[in-house]
Amino acid sequence: MRRRGRDTDGNDTRSAKPPLRNGPRLWLAIILLMWLALIAWQADGARPLALVYLAMGAVAFACYGFGKSAARHARRRIPERRLHAIALLGGWPGALLAQAWFRHKSSKTAFQVAFWLIVLLHVAALAWALQQGWLGAASATAAGHAMLDA
């Protein structure tokens, strides 16, 4: 019996779906990354934090790619707790981009709730630190508010 999307040898005949299907998620990732870049550019004290976000974002992106590949090939996957830990340590921008790019973990409700709580925590903490003047010049606070108002 022939299964849907498979030829007689069992090979997948469905065409590959293009990446970045999740348009709103991609745009949100781009906007948040631009906000982080603007803050880092405006405030000298935020540059090390921006480097942490960049490095951890790259780690998160790679982990999501590895996890998606493992899921496709029925190999051992990266645990969700580890993905959340990486996001919590600053990798959420890369994780957000990877979810759109690889379409990995983007439809699991429980995972998404925890992930978006992490993102909200980071954005709120960053906005608060800017407002307190902890990340550098007062112009960074104004830049942060301008991005939030837009």
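Mentor: Let us start with a definition: helices (H or I, at least four residues) and strands (E, at least two) are DSSP runs, numbered from the N terminus. Read along the sequence, this chain follows the pattern α-α-α-α-α, with five helices and zero strands.

Trainee: What kind of model is this, and how are residues numbered?

Mentor: This is a predicted model, where local features need pLDDT of at least 70 and side-chain atom pairs count only at pLDDT 80 or more, while totals for chains, interfaces and linings use all residues. Residues are numbered from 1 along each chain as its sequence is written, and side-chain values use heavy atoms, with hydrogens and water left out.

Trainee: Is Q112 buried or exposed?

Mentor: Buried means under 20% relative accessible area, exposed over 50%, and partly exposed in between (1.4 Å probe, protein chains only). Q112 counts as buried because its relative accessible area is 9%. Across the chain, 37% of the 150 residues are buried.

Trainee: Where does Q112 sit, and which residues is Q112 in contact with?

Mentor: Q112 belongs to helix α4 (residues 109–132). Contact means heavy atoms within 4.5 Å. Leaving aside neighbours within four places in sequence, the contacts of Q112 are R25, Q99, K105 and S106.

Trainee: Which side chain makes a polar contact with that of Q112?

Mentor: A polar contact is a pair of N or O atoms within 3.5 Å; within protein, one must be able to donate a hydrogen and the other to accept it, and residues adjacent in sequence count only if both atoms are side-chain atoms. Here the side chain of Q99 is the partner, at 2.9 Å.

Trainee: How many cavities of 30 Å³ or more are there?

Mentor: On a 1 Å grid over the protein atoms alone, a cavity is a set of points where a 1.4 Å probe fits but cannot get out; lining residues have an atom within 4 Å of a point. Grid points are joined across faces, edges and corners, and a volume is the space filled by probe spheres set on the points. The structure holds one such cavity of 30 Å³ or more, and the largest cavity has about 40 Å³ of space. Its lining consists of L36, I39, A40, A46, L49, A50, Y53 and L126. The elements giving two or more residues to that lining are α1 and α2.

Trainee: Which classes of residue line the largest cavity?

Mentor: Ala, Val, Leu, Ile, Met, Phe, Trp, Tyr, Cys and Pro count as nonpolar, Asp, Glu, Lys and Arg as charged, and the others, Gly among them, as polar. The lining has eight nonpolar, no polar and no charged residues.

Conventions
1 Å grid on protein atoms, 1.4 Å probe; cavity = no way out; pocket = protein on both sides within 12 Å on 5 of 7 lines; lining within 4 Å.
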